[in-house]
Each structure stands twice: as structure tokens, then as C-alpha cells.
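Work through the exercises below with the sequence and the model in view. Each task is followed by a solution in steps.

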Amino acid sequence: MSVRGVRGATVAYENTVDAIDAATQELLEAMLQMNPTMKQEDIACAIFTMTPDLNAAYPAAVARQLDWVTVPLLCAQELDVPEGLKRCIRILLLWNTNLPQANIHHVYLREAKQLRPDLMG
């Protein structure tokens, strides 16, 4: 079995707990929906980053609310690139799966779609 990285990104509309939580939940749910064989017990860990203009909440807390109690979670601050996408939340899930990397579906929502236009079909 291999470990595969599953990427996702979205944008919170403002720096509030509600906006960060809603954007994170939407992204996590979309990542699971796009990778339907992914089960919590197969996720090795989840890494969440946010741009420096977001600091009102921990995005990993949303995963805990979704009952991800055994998955190791980590939050970190994204680099402050001057021309970078603002209010961006990124997630990297490390998934134990037999699927080849080509069958992994990465998810980019809202304004974050511009980060990976090659994946937008």
C-alpha cells in the first residue's frame, strides 16, 4: 500500500471563526466526495495551512468536529507571498491507498481554483 497526497484549497470570505470553519468544512467534504474510497482510518495525517491574513480559528478544529479523532492534525501558517492568494486555506491529506497517483482527485474551490487551472477540467 502506498501513501498518496491529496491536495485541496479554498478561500475564506473573511477572517472570522464562522467563515474559516465553513470554508474548511466545505473543502474537507468535497475532498472526501471526490475520493469516495477514502476512509478516516486510512488517513495517515492532515496538514492545514492558512495565509497570514487568517488567524481567527484553527482549521483542524473542523476535522475534529467531523469526528476525525484518530487522525493526526497539524496547522501551520502559509508563506506571506506578496502576490499570493489572500485568505487561502490549504489542506494536504496523506492517504494510505492502493490507488495510483493518477486516480487521486485534488479539490480547489472558490477563488483557489486559479491555483491549479490544470485540474479544473
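**Exercise 1.** Find where D67 lies and decide whether D67 is buried, partly exposed or exposed.

Solution. Step 1: the relative accessibility of D67 is 49%. Step 2: buried means under 20% relative accessible area, exposed over 50%, and partly exposed in between, with a 1.4 Å probe and protein chains only. D67 therefore counts as partly exposed. Step 3: the loop between α2 (60–65) and β3 (73–77) holds D67. Helices (H or I, at least four residues) and strands (E, at least two) are DSSP runs, numbered from the N terminus. Step 4: the phi angle of D67 is near 75 degrees, which is positive although the residue is not glycine.

The model is predicted: local features need pLDDT of at least 70, side-chain atom pairs count only at pLDDT 80 or more, and totals for chains, interfaces and linings use all residues. Residues are numbered from 1 along each chain as its sequence is written, and side-chain values use heavy atoms, leaving out hydrogens and water.

**Exercise 2.** Is T24 buried or exposed, and which residues does T24 contact?

Solution. Step 1: T24 belongs to helix α1 (residues 17–34). Step 2: its relative accessibility is 0%, so T24 counts as buried. Step 3: apart from neighbours within four places in sequence, the contacts of T24 are F48, P59, V62 and I89.

**Exercise 3.** Describe the surroundings of H106.

Solution. Step 1: H106 is in the loop between β4 (88–97) and β5. Step 2: a relative accessible area of 24% makes H106 partly exposed. Step 3: not counting residues up to four places away in sequence, H106 touches G5, V6, R7, Q101 and L119. Step 4: A30 is 76 residues from H106 along the chain, yet their C-alpha atoms are 9.4 Å apart.

**Exercise 4.** How many helices and strands does the protein chain have, and in which pattern?

Solution. Step 1: the count is two helices and five strands. Step 2: along the sequence they follow β-α-β-α-β-β-β. Step 3: of the contacts with a separation of 6 or more, 84% join residues 24 or more positions apart. Step 4: buried residues are 38% of the 121 in the chain.

**Exercise 5.** Which residues line the largest pocket, and of what classes are they?

Solution. Step 1: a pocket is an open set of points on a 1 Å grid over the protein atoms alone, where a 1.4 Å probe fits, with protein on both sides within 12 Å along at least five of seven lines; lining residues have an atom within 4 Å of a point. Step 2: the lining consists of T51, P52, D53, E78, L79, D80, V81, G84, L85, K86 and R90. Step 3: Ala, Val, Leu, Ile, Met, Phe, Trp, Tyr, Cys and Pro count as nonpolar, Asp, Glu, Lys and Arg as charged, and the others, Gly among them, as polar. This gives four nonpolar, two polar and five charged residues.

Note on methods: Contact = heavy atoms within 4.5 Å.
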